[in-house]
Amino acid sequence: MVKTKIMAWAMLCATCSITAQTPVYLDDSKPLEERVQDALSRMTTAEKIAIIHAQSKFSSPGVQRLGIPGLWCTDGPHGIRPDVLWDEWDQAGATNDSCVAFPALTCLAATWNPDMAQLYGKSIGEEARYRNKNVLLGPGVNIYRTPLNGRNFEYMGEDPYLTSVMVVPYVRGVQDNGVAACVKHYALNNQEVDRDHVNVLVDDRTLHEIYLPGFKAAVTEGGTWSIMPGYNKYAGDHACENSVLLLDILKGDWAFDGVAISDWGAVHNTEKVASNGLDMEFGSWTNGLNWGASNAYDDYYLAKPYEKLIAEGKLPMKDLNDKAERVLRLIMRTEMNRNRPYGSLNSDEHYAAARRIGGEGIVLLKNDNKLLPVASDVKKILVVGENAIKMMTVGGGSSSLKVQRETLPLDGLRAKGAEKNVEVVYERGYVGDVTGEYNGVTTGQNLKDDRSAEQLLSDAVKAAADADMVIFIGGLNKSDHQDAEGSDRTDFALPYNQNKVIEALVEANPNTAVVALTGNAYAMPWLDKVPAVVQGWYVGSEAGNAIADVIFGDVNPSGKLPMTFAKKLTDYAAHAKGDSLMYPGVNGDVQYKEGLDVGYRYTDKLRKGNVNFAFGHGLSYTTFRLGEPVASGKEFDGQGALSVTIPVTNTGDRTGAEVVQAYVRDLKSSVYRPIKELKAFRKISIEPGKTKDVTLDFDKRAFAFYNPETKLWTVEPGKFEILIGTSSDNITAKIPVTVKNEITWEDSE
Ligand code: BGC
């Protein structure tokens, strides 16, 4: 009898790790909250303190006594960052931390395709999982307020609705791997100048309508498990210590049950950070060790100083419990989740995803005389420009990567050219940044060129005259002030003599296309003369192949701008008045006096033709016609949704995808409303000659504004229009809608 019992017990142990003695917190058949509370109830104060702050550059400890593992974070948001030393930013020199670089988030946003965001999240989540990272520090959803912001390339453009739609599948895709997304930088982190302290003054309505929706969607729809309060201040308090952002909005209205993880070194004060809703502290001071103390991790604001204030009864235990509980929940959702998949690294699927997303995000801005795709009679192409030969995955700040491979634009074009019997030759044209190093990762490229600027130019011009077609590949390059964390751009113009080179090339050969690799809009003084312009973003590992796919027409471009490409810097409202208080700030304050007038919300009010390329603009190698839309009704009472169906016909000769966009205009309002605002869109692929219906839904949110007095989202009764089109400046139909009654609801709904 005893023997049988022992055997049964042994069999149970062999087949299943859960036994009768398994404590609740380790038993994943038990509900998550029960496990969290059980673990919390067993922990000492010191253990709770330990799990809410870093133990190294990117990790936090678990509770070894209880067998609870710690957490490992990684940047984000375009690939999995290589490992650094325990206490320092220097490279660990690992051999298993090379990754696939996915396109920058501006490129993802330019796909206007939530399926691409899901594919992106899934793929990068798999890489994070394989590398045993629990928290991916991304995606970034700060709004494109100024084209000077050095980190715009890490974000999703100027529109809160587009950002909201794109962030949700990214977050879900990552988290399906048992890896937490950490949506950043919450909130109003829209410039790099004085980023550690700049105090943003913005009215409540603008905050809720422009700067918060992306974060809100990530929390309430995406269910993100973590969020990163940024460096900047809002209304006088640092984001990490800001009770309005963290307690009232994030944890109050949005009922966030995850972890608020400080940006690296963004915490400044124990009392505030302990009481105002931050849960975990990372990156305080330089290397975690030598802040005049034997172990600086213990000196973190949320470490010994916090423990002391609790012991003295000056701060309540309940806040520490809340933080520890959230961290435990995060650990159980990730590292302690036995059901998560294993992930994969550098897989063929990930390269294919990067190439596909890149191909869908590249935007054909201009294409006179059908210069693109490369015509069948083109036998020789001259490629000019440093960005054709420069690795762009190294640099730019914390998003910098160590890639397994990166196909350069020139190599992608050469390979594709060889397939199609087109000779591709190269000239440099200008020299920009030749360093190729970030944080100890080097590209290994030698980009030195000793020719003078004049010589470089004349060599390129000479070669241009001898080619059937010229493709200039330039832009910015993620070095300081050229799309990089830690510094903003100082100029809206392209750097390094590029404008002169472009002008000279197009004069030598009118068949010149410009492909710009940037995360930002830029001035195009040569635009009237250049027949074709492509926005190539930063595409990552598959840059060269994705660009070649579009240039040679194997991929029919379908990207649309997620931000306005204005003519001049002063066509962005933040810069319109040359008011330093609006940018970059005065005495530590920056005031968003332009309110809601960000991007097209402002340029819509300016003279016609004020932009080079409008928000939502992007061409295809085919053409589309939008037919007469049919609405499900003319009146709206706030219940359910009004839907509009638009027939879309591919009127050209090749399969292509169009993005049907819908903007809502309030014709009469008691408050200021922008001329129009994006409220729905759908991308659809159609074969030549075929027509497909696109149906867009509009619920009460499509008509609402945020009333700062009542703190209610509000739809006023009256007349609205739904504007249908293929870009913000190509509206093909207007549908009148009457809202019958006032509709209000709380932000928490
Ligand atoms: C950046 C974050 C990044 C963190 C960790 C900070 O400087 O602002 O975006 O995730 O460093 O590298």
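**Close-up views of a predicted model**

**View 1. Helix H13 meets helix H17.** Arg-355, Gly-358 and Gly-359 of H13 are in contact with Asn-545, Ala-546, Asp-549 and Val-550 of H17. The model shown here and in the other views is predicted. The two helix axes, those of H13 and H17, come within 8 Å. They cross at roughly 45 degrees. H13 and H17 are therefore oblique to each other. Their crossing is right-handed.

**View 2. Helix H13 and its cover.** H13 runs over residues 348-361 and has 14 residues. From first C-alpha to last, H13 reaches 20 Å, close to the 20 Å expected at 1.5 Å a residue. Buried residues of H13 include His-350, Tyr-351, Ala-353, Ala-354 and Ile-357. Gly-358, Gly-359, Glu-360 and Gly-361 are buried too. What lies over the buried residues of H13? Their cover includes helix H4 (105-110), helix H5 (114-130) and helix H17 (543-551). Strands E10 (363-367) and E26 are also among the elements that cover them.

**View 3. An open sheet of five strands.** The order of the strands is E23-E31-E30-E25-E26. The pairing in this sheet is mixed. Strand E23 (635-636) and strand E26 (677-686) are the edge strands, and each pairs on one side only. Strands of a sheet pair through backbone hydrogen bonds, either parallel or antiparallel. In which sense do E23 and E31 pair? E23 pairs with strand E31 (residues 730-739) in the parallel sense, over two bridges. Phe-636 stands opposite Val-739 in E31.

View 4. Ile-675 sits in the loop between strand E25 (656-666) and E26. Ile-675 is partly exposed, with a relative accessible area of 30%. Which residues does Ile-675 contact, leaving aside neighbours within four places in sequence? They are Asp-604, Lys-605, Val-664 and Arg-665. Tyr-602 is 73 residues apart from Ile-675 in sequence. In space, the two C-alpha atoms of Ile-675 and Tyr-602 are 8.7 Å apart.

View 5. Asp-571 lies in the loop between strand E18 (565-566) and helix H18 (573-576). Is Asp-571 buried or exposed? Its relative accessibility is 3%, so Asp-571 counts as buried.

Notes:
Residues numbered from 1 in each chain as written. Predicted model: local features only at pLDDT ≥ 70, side-chain atom pairs only at ≥ 80, totals over all residues. Heavy atoms only, no water. Pairing = 2+ DSSP bridges. Helix = DSSP H or I, 4+ residues; strand = E, 2+ residues; numbered from the N terminus. Buried < 20%, exposed > 50% of the residue type's maximum accessible area, 1.4 Å probe, protein only. Contact = heavy atoms within 4.5 Å. Expected span 1.5 Å × (residues − 1). Axes fitted to C-alpha atoms, helices over the stretch in contact; angles between N-to-C directions. Parallel < 35°, antiparallel > 145°, perpendicular 65-115°, else oblique. Left-handed = near helix turned anticlockwise from the far one by under 90°.
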